[in-house]
Amino acid sequence: MIGALVLLIAVVAVRLASRSGLPTLLIYLGIGVAIGQDGPFGFTFDDVQLTQVLGYAALVVILAEGGLGTKWQEIKPVVPAAAVLSTFGLMLSVFITAGAAHYLVGLDWRQALIIGAVVSSTDAAAVFSVLRNVPLPKRITGVLEAESGFNDAPVVILVVAFSTAGPVDHWYVLVAEIAMELAIGAAIGLAVGWLGAYALRHIALPASGLYPIAVMAIAVFAYAAGATAHGSGFLAVYIASLILGNAKLPHRPATRGFAEGLGWIAQIGLFVLLGLLVTPHELGDDILPALVIGLILTAVARPLSVTASLAPFRIPWREQALMSWAGLRGAVPIVLATIPMVAGVPNSRRIFNIVFILVIVYTLVQGPTLPWLARRLRLGVRDGAADLGIESAPLERLRGHLLSVSIPEESRMHGVEVSELRLPAGAAVTLVVRDGASFVPLPNTVLRRGDELLVVATDPVRDAAERRLRAIGKGGKLANWLGEG
């Protein structure tokens with residue numbers, strides 16, 4: 001009963017968070033704290049190891065959902081910049097933040113390095129949930145989303161290394177280990193994603209509801225395969241999900257909806273669990289150290305890492321300023337703060353408290369002010385027509401596909417006649433649903449916003465038909481024959 005009530009409250013809280021621009025993690029953490037031992041329910045929970053295991057599982061689901069929802073065409077031009085920012089920029093941020101923790105707060109180097117590594121990673125859940133509700137240029141959202149998907153892998157390696165052995169004497173050994181694990185994870189993610197997409201495109205499952213389950217199973221398998229091969233499982237699951245999300249899979253919108261639902265459940269469960277783990281009456285002495293470390297991280301380490309990483313890519317200073325402020329933290333740093341606790345690092349409970357306070361305070365500051373800063377920097381407007389919603393269902397015996405096409409309000413397909421779609425031979429609009437009524441269109445039928453189309457396409461021209469439909473949706477009746485570009 002309590003679990004169902006918590007879930008309902010969390011779902012309602014999404015509406016409040018979407019209006020305020022506040023990441024939902026704060027509300028979920030607050031629910032966990034309220035249920036915990038200092039709250040009215042007085043529930044005691046202190047199983048750090050279980051929290052870490054469940055946290056890793058939730059992060060896998062969150063990364064999978066993020067990869068499935070990321071458009072490759074948007075992040076493709078900025079992948080090199082995101083890769084540099086999530087490796088070189090991350091290392092720079094780690095050492096600047098660790099220096100502040102050591103010299104300004106008085107932590108020893110091992111604890112300082114752990115905190116620097118823990119808080120320097122941006123959080124995929126926070127970035128995905130906030131940026132997708134803030135209208136920004138595609139280059140900015142592409143860099144930030146790709147960075148949040150990429151940087152979990154190296155930061156986990158750093159935190160584990162610092163937690164098990166303290167500072168590393170030979171830094172180049174650690175760098176080589178990180179490079180090796182990332183390479184293995186990337187290779188496995190590419191292989192699993194490509195093979196999974198190929199299989200789903202060529203094997204017709206008996207029920208449409210099996211496709212979302214199969215996609216998520218493939219993503220989880222990518223993580224397991226990467227971790228088993230001593231590579232980065234987090235990078236493997238993100239890359240595999242990115243490939244699956246951009247492949248022309250059957251029932252793709254339904255799959256994304258299913259993954260989004262699982263992602264919300266993972267976020268709610270994870271943040272409530274982390275809220276349960278914290279003990280509020282122990283946080284008082286760590287508020288000032290957390291504020292100092294967070295200030296250096298936000299005002300010094302993050303801007304310097306962004307500037308140094310993006311300098312070769314000639315990104316305008318206004319976009320760099322917004323990316324510096326949009327380095328959102330969330331569940332990832334708090335989950336990573338459990339690693340030294342499990343490893344038995346001295347004063348690890350204090351590390352967890354500092355990270356918890358830092359995430360709460362600076363998320364309260366950064367999340368709601370991000371839209372305001374985007375407007376001040378004149379980066380808050382994204383132009384362009386809305387993309388079509390296209391869902392494909394395989395017709396195995398007929399060797400064809402049934403495409404369900406939804407025309408959104410901003411689509412330039414509005415006002416186009418059916419004959420002007422110029423679909424390839426082997427594809428045809430067979431039905432139009434308008435205002436709840438369906439009819440078979442004529443060649444001169446004019447399509448309207450809000451219409452739903454059923455398009456039948458043979459297997460060889462299915463991809464060409466979808467490219468053509470998306471081109472019309474973006475560019476109108478004079479769109480290029482070769483597609484959107």
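Trainee: So buried means under 20% relative accessible area, exposed over 50%, and partly exposed in between (1.4 Å probe, protein chains only). Is L104 buried or exposed, then?

Mentor: L104 counts as exposed because its relative accessible area is 56%.

Trainee: And where is L104 found?

Mentor: In the loop between α5 (79-103) and α6 (109-119); helices are DSSP runs of H or I, at least four residues, numbered from the N terminus. This is a predicted model, where local features need pLDDT of at least 70, side-chain atom pairs need 80 or more, and totals for chains, interfaces and linings use all residues. Numbering starts from 1 along each chain as written, and side-chain values use heavy atoms, without hydrogens or water.

Trainee: What pLDDT does the chain average?

Mentor: 82, on a confidence scale from 0 to 100, and 85% of the residues score at least 70. Helix α1 (residues 2-20) has the lowest mean among the elements, 57, while α14 has the highest, 93.

Trainee: New topic: which residues of α15 are buried?

Mentor: In α15 (residues 317-325), those are E319, Q320, L322, M323 and S324. They pack against α8 (138-150), α14 (287-310) and α18 (348-376).

Trainee: Which residues touch the most other members in the largest nonpolar core?

Mentor: Of its 99 residues, V118, L270, L274, I334, L336 and V355 do. A core joins buried Ala, Val, Leu, Ile, Met, Phe, Trp, Tyr and Cys through side-chain atoms within 4.5 Å.

Trainee: What does V355 touch?

Mentor: Leaving out residues up to four places away in sequence, V355 touches V118, V119, P333, I334 and A337, with heavy atoms within 4.5 Å. Apart from that core lies another, of 23 residues, including V127, I140, L322 and M323.

How values were computed. Helix = DSSP H or I, 4+ residues; strand = E, 2+ residues; numbered from the N terminus. pLDDT = per-residue confidence, 0-100.
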